[in-house]
Amino acid sequence: MARYTEADLFVFCTAALAAAGADAETAEAAGRAMLHGSRLGVDSHGVRLLDHYVTVIAGGRVKGHPEMRFVRRLGAVATLDADDGHGARAAYYAMDHAMAAAEQFGIGAVAIRNSSHFGPAGAYALAAAERGFVGLAFCNSDSFVRLHAGAERFHGTNPIAAAAPVDGGRPWLFDMATSAIPYNRVLLYGSLGRALPPETASDVEGVDTRDASLVEMLAPLGGAFGFKGAGLAGLVELLSAVLSGARLSFDIPPMGGPDYATARNVGAFVLALQPSAFLEPEAFQAGLARYLAVLRGSRPASGGEVMAPGDREWREAERRARSGIPIDPATALAFDRIADRFSIPRPRPLAG
């Protein structure tokens, strides 16, 4: 696979989004979120999304020039109407507001409605951690995950992300879907001809299948104890959709179309906590440092490696900073189509 610098990919992505009809704030936010995914190795939520984002902005589903506004405010909390804008722009905007509230009240929370796909949830939790806050982000999405013992799609993959600042180190960063497996992993196993892990996906009847070609829905996180994953997905639904007034997962039109003109009203929720509002900053950092030191020093199982949330991603980010961000052939072809469509320069792959 060809490799590219993060800077070149960001320039190309923002240029493509602008050419498709996005304003500067939307292009910057979407590019920032995508590069978060590609930088940390979360490629399913990286620059491979550019083709989709260009399509939905050009098609009218996502407004390129939204007029986002807060429709409710009370102390530390607010509700943001994203005006059918890009989910990344809404989430960063909401997190900025949540952090401003946390500076005043110690906590800030924003529910978001009339939004769209926002990419990697960890990007918005990390935005808070990079400014000294504990950040959390949630989002619902169109149905693709069955309930525990269910036989039809119900929840979306409904991610949960959290991040915390670490003195002298990379932030603690946790980002997970509430499904047993990402759909991107299903596609990967299918392309390799490998059987899926058990209890991760189901066929059209809701029966567990290990054949990637038969997958109609994903299982909730937890396998035999999938009620836990389904409950977590429901928590995300409560915060992202019920609390904000957005559509529930089973009411959201499919992300993959074929309708790219009708807005989807996806919901999201972000939260920022100011550690110094709870205890002395030194005590917070000392507690977090001890937690991480003991965690990373824990005895691993044979052949295993104990890591804190985010360790694998930060390691991959360092590797990609040295060698470039890999782009799969399908995404490279999409880049070519986008460059030709809008007459913009292609990103240049690194030599070798």
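Predicted model: local features only at pLDDT ≥ 70, side-chain atom pairs only at ≥ 80, totals over all residues.
Ser343 is found in the segment after helix H10, which spans 329-342. Ser343 has a positive phi of about 55°, although it is not a glycine. Is Ser343 buried or exposed? Its relative accessible area is 65%. The cut-off for exposed is over 50%, so Ser343 counts as exposed.

Asn114 is not a glycine, yet its phi is positive, at about 55°. Asn114 lies in a strand, E4, made of residues 107-115.

Next comes a peptide bond. The bond from Gly257 to Pro258 is cis. Its omega is near 15°. Where does Pro258 lie? Pro258 is in the loop between H7 and strand E12, and that strand covers 266-273.

Now turn to a pair of helices. Two packed helices are described by the angle between their axes and by the distance between the axes. Here the pair is helix H2, residues 24-40, and helix H9, residues 311-323. Their axes come within 7 Å. They cross at roughly 90°. H2 is therefore roughly perpendicular to H9, because angles of 65 to 115 degrees count as such. Which residues meet where H2 and H9 come together? From H2 there are Ser38, Arg39 and Leu40. From H9 there are Glu313, Trp314, Glu316, Ala317 and Arg320.

Gln285 has a relative accessible area of 13%. Buried means under 20%, so Gln285 is buried. What does Gln285 touch, leaving aside its neighbours within four places in sequence? Gln285 is in contact with Pro165, Val166 and Asp167.

Leu221 has a relative accessibility of 30%. This value falls between the buried limit of 20% and the exposed limit of 50%, so Leu221 counts as partly exposed.

Conventions
Residues numbered from 1 in each chain as written. Heavy atoms only, no water. Buried < 20%, exposed > 50% of the residue type's maximum accessible area, 1.4 Å probe, protein only. Contact = heavy atoms within 4.5 Å. Axes fitted to C-alpha atoms, helices over the stretch in contact; angles between N-to-C directions. Helix = DSSP H or I, 4+ residues; strand = E, 2+ residues; numbered from the N terminus. Parallel < 35°, antiparallel > 145°, perpendicular 65-115°, else oblique.
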